[in-house]
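Dear colleague,

Please find below the structure that I am handing over to you. My notes on what was found in it follow.

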2 protein chains.
Amino acid sequence: MSKKDIGIGLLGLGVVAGQVARVLTDKADELAEKVGCPLVLRKIKILPQDLARPQAKKMPAQLFTTDDDEFFREPGIDIIIEAIGGERPAFDYLKRAIAGGKHVVTSNKEVIAKHGFELLALARKNNVGLQYEASVGAGFPLIAPFKHDLIANTVTGIFAIINGTTNYILTMMAKEGMDFAAALKQAQKLGYAEGNPENDINGIDSMYKLAILASLGFQTQVRPQDVYTEGISRLSPRDFRYAREFGFTIKLLAIGKLQDNSVEARVHPVFIPEDSILAKVEGVYNAVQVEGDLMGKVMFMGQGAGALATSSSVIADVVSSARKIVLGIGSLSTWKAISGKTIKPMDDIETQYYIRLAAKDRPGVLAQIATVFGNNKISISSAIQPESDEQTKTAEIVIMTHPAKEKAMQKALRELEKLEVVKEISNFIRVEDIEGG
Amino acid sequence: MSKKDIGIGLLGLGVVAGQVARVLTDKADELAEKVGCPLVLRKIKILPQDLARPQAKKMPAQLFTTDDDEFFREPGIDIIIEAIGGERPAFDYLKRAIAGGKHVVTSNKEVIAKHGFELLALARKNNVGLQYEASVGAGFPLIAPFKHDLIANTVTGIFAIINGTTNYILTMMAKEGMDFAAALKQAQKLGYAEGNPENDINGIDSMYKLAILASLGFQTQVRPQDVYTEGISRLSPRDFRYAREFGFTIKLLAIGKLQDNSVEARVHPVFIPEDSILAKVEGVYNAVQVEGDLMGKVMFMGQGAGALATSSSVIADVVSSARKIVLGIGSLSTWKAISGKTIKPMDDIETQYYIRLAAKDRPGVLAQIATVFGNNKISISSAIQPESDEQTKTAEIVIMTHPAKEKAMQKALRELEKLEVVKEISNFIRVEDIEGG
């Protein structure tokens with residue numbers, strides 16, 4: 001089988017799609033050399049308003065169509081790149097592309113997290129590839145390592161900073177002492193947060209990405225709704241100050257663990273030791289630590305967003321798809337789901353906790369609080385009462401616990417709230433004792 | 001094409017080979033599931049003395065042979081794993097295996113660094129695969145990312161801590177204030193350094209690994225002799241103290257850079273900013289930072305040695321080779337050398353420098369020293385005279401420079417040595433201004 005060229009169809013002309021189109025043009029010779037024949041961008045499906053974009057005006061008009069049928073009927077397209085984002089119509093487009101026998105490359109975390117298994121089954125049926133390297137950790141390899149390089153391992157742990165917006169905000173809160181609102185505002189000003197940052201700051205973006213990584217790593221289906229998810233908006237500068245006092249910093253971590261065929265998947269703020277490598281991952285960088293029975297700990301780090309970085313992974317997927325087309329072979333992936341695994345309910349997870357609360361400033365208060373923890377079989381590792389407000393007679397109490405079950409902790413928190421001496425549970429944050437190095 | 005099984009031949013039964021044999025046995029079912037048919041270990045070529053190893057005694061006697069011809073004539077072997085190490089006879093065995101039409105997997109950095117291009121050409125000629133993921137960064141993916149995942153990029157920089165022994169020693173010197181001899185002794189006691197650690201501490205091991213990574217990354221042949229190499233034995237606790245004072249730490253770094261088709265490849269101790277991620281890579285961990293035009297900075301980190309970690313990468317290579325045999329396809333690699341690149345002579349590199357020297361403790365000395373730098377067009381960024389010894393009338397002077405050409409610096413050092421007021425140039429260390437994050 002010898003092909004004259006590989007035809008590419010592109011869905012979208014946003015910043016990522018625009019950058020992908022640019023690389024296909026600017027690096028055409030190199031890519032042809034690597035693939036074995038030229039990659040030819042044959043058609044771009046856009047919305048009518050995209051025609052006004054400066055980049056669209058620089059490209060030949062006949063490349064564009066605003067009509068779905070025209071796009072999907074275009075002859076000579078072998079690979080379709082989806083770079084629209086969001087669930088619909090991207091999901092429908094991907095299904096239509098695969099059903100039409102096209103190889104597809106996507107950077108769409110939401111579609112892969114929600115419908116990846118369905119799409120992969122459809123791709124297998126149609127003997128085409130579905131590649132999505134850029135869906136998590138835009139600019140650095142993660143999907144390919146899970147599918148190939150780490151395949152000899154039983155993956156037992158995933159610890160990931162996979163949202164650059166929240167990591168930038170938390171870095172500013174930790175380093176500059178900013179409060180959440182100010183840090184968010186600065187992130188928006190610098191273009192690190194969108195106008196509507198909801199999906200980032202409430203953890204939804206990380207939830208999608210963890211669903212993808214945990215599915216790959218633990219070889220089972222982890223759906224977005226299987227991931228316990230909390231955002232970062234309730235963190236205050238005080239929490240960062242106490243974290244530092246205890247030798248920790250605060251990160252929004254996506255955590256996956258496998259133990260006895262039970263999968264833990266959760267996204268929430270955590271205390272991690274300040275001398276761990278993950279604690280040093282700052283600003284808009286992403287990092288994913290993976291643990292396996294043979295390899296031990298492995299870490300991947302790089303840019304988690306941005307058009308240039310995303311295009312690096314999208315084009316790598318395109319080259320790999322194109323290479324397979326040239327060689328006339330189907331999917332090489334050895335990844336397979338292994339049945340029999342369950343999702344661990346959040347109640348059953350075990351971790352350490354940091355609790356900050358406001359109590360009445362009078363003798364015996366700490367004893368009452370400690371009694372609640374004791375009754376719920378939760379051991380306190382340290383309790384400090386760093387501040388009290390003379391006027392309101394309020395004391396701030398900070399407690400760190402030994403490992404305890406989430407269920408017991410939630411029960412203890414409800415009981416604490418009912419204590420007459422407790423004015424408010426100001427915050428509670430889980431602790432992940434990731435080792436340094 | 002449908003195969004009943006994939007036959008494996010193993011060269012060696014040292015700690016790595018032994019561990020690989022264990023994984024092939026212990027994970028036989030999983031691996032068969034991934035490959036599509038069983039992987040069967042058919043023959044192990046050992047030395048007569050290996051038969052006395054406990055592991056050999058636990059395995060069926062007919063698996064073993066001490067005879068080369070018997071090993072290479074064994075029918076039903078598809079993939080040969082070389083895990084002997086060293087240049088000979090490993091190189092001859094690999095040639096013989098490839099010439100005999102076997103796919104080969106090796107963890108041998110020395111053979112790949114010295115003869116990789118010859119072996120790859122031979123493999124192409126015989127339409128078999130040559131895989132060597134475990135040759136650099138034993139337990140984490142590096143070779144595969146360079147060949148596939150980063151392929152859309154022009155790689156412009158490689159900054160690597162790729163020798164665990166030296167990194168452990170440097171970590172002990174930095175953290176515990178040990179001198180070199182004490183740190184080496186401790187590394188040997190803990191099994192992190194071999195009885196004869198020459199190749200590690202003098203940078204040879206890192207040199208081989210950088211030759212491999214730079215060849216892949218810059219798509220040109222970088223031979224071991226193209227890599228400028230210095231070891232770590234001349235570092236003293238004083239250097240670490242001054243490094244810290246200036247905001248740096250000291251690492252043995254393998255550095256590759258590409259600029260205007262000119263390749264820089266060098267291994268030597270460097271000052272790197274103490275807030276950079278690479279500075280946090282401690283003990284026996286390895287880390288490789290790669291910079292590319294699209295992806296920006298990407299980092300890979302994990303264990304650089306150890307039988308378990310190495311087996312993770314060797315088995316991944318075996319699975320990938322086996323999968324290709326099952327599918328009846330040859331190499332998928334899109335990596336190709338691009339001609340026209342040259343190796344930059346060490347004289348032409350430009351970097352900042354730290355110089356520590358002992359001078360006579362009297363007025364005007366610093367002026368004389370500064371004049372030498374000035375005459376060689378080297379700007380001093382700071383000069384301190386932290387200590388002087390009353391008895392010997394000796395002052396220690398520490399100088400940090402702005403970027404300068406290596407040739408000018410070497411000339412300046414020769415001139416400094418000749419100054420009557422300079423008693424000794426105690427050390428000079430290059431500075432690599434890797435950004436934090």
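Contact here means that heavy atoms lie within 4.5 Å. Please bear in mind throughout that this is a predicted model.

With that definition, the packing of two helices in chain B can be described. L31(B), K34(B) and V35(B) of α2(B) meet I315(B), V319(B), A322(B), R323(B) and V326(B) of α13(B). Two packed helices are described by the angle between their axes and the distance between the axes. For helix α2 (residues 28-35) and helix α13 (residues 307-327) of chain B, the axes come within 9 Å and cross at roughly 40°. This angle makes α2(B) oblique to α13(B). The crossing of α2(B) and α13(B) is right-handed.

In chain A, helix α12 (residues 237-245) has D239(A), F240(A), Y242(A) and A243(A) as its buried residues. Because they cover an arc of only 165° around the axis, these residues are on the same side of α12(A). An α-helix has 3.6 residues a turn, so residues three or four places apart point the same way. Just after α12(A), G247(A) takes a positive phi of about 90°.

Most residues other than glycine have a negative phi, and most peptide bonds are trans. In chain A, however, R88(A) and P89(A) are joined by a cis peptide bond with an omega of about 5°, and P89(A) is in the loop between β4 (79-82) and α5 (90-99). In chain B, a cis peptide bond with an omega of about 5° joins R88(B) and P89(B); P89(B) lies in the loop between β4 (79-82) and α5 (90-99) of that chain.

Two residues of chain B other than glycine have a positive phi. N127(B), with a phi of about 55°, is found in the loop between α6 (109-125) and β6 (130-131). Its relative accessibility is 56%, so N127(B) counts as exposed. Q219(B), with a phi near 55°, is in the loop between α11 (204-218) and β8 (228-229). At 10% relative accessibility, Q219(B) counts as buried.

With kind regards

Terms used. Residues are numbered from 1 along each chain as its sequence is written. Chains are lettered from A and ligands numbered from 1 in the order in which they are written. This is a predicted model: local features need pLDDT of at least 70, side-chain atom pairs count only at pLDDT 80 or more; totals for chains, interfaces and linings use all residues. Side-chain values use heavy atoms; hydrogens and water are left out. Buried means under 20% relative accessible area, exposed over 50%, partly exposed in between (1.4 Å probe, protein chains only). Helices (H or I, at least four residues) and strands (E, at least two) are DSSP runs, numbered from the N terminus. The arc is that of the directions from the helix axis to the C-beta atoms. Axes are lines fitted to C-alpha atoms, for helices over the stretch in contact, and angles run from 0 to 180 degrees between N-to-C directions. Angles under 35 degrees count as roughly parallel, over 145 as roughly antiparallel, 65 to 115 as roughly perpendicular and the rest as oblique. A crossing is left-handed if the near helix is turned anticlockwise from the far one by less than a right angle, and right-handed if clockwise.
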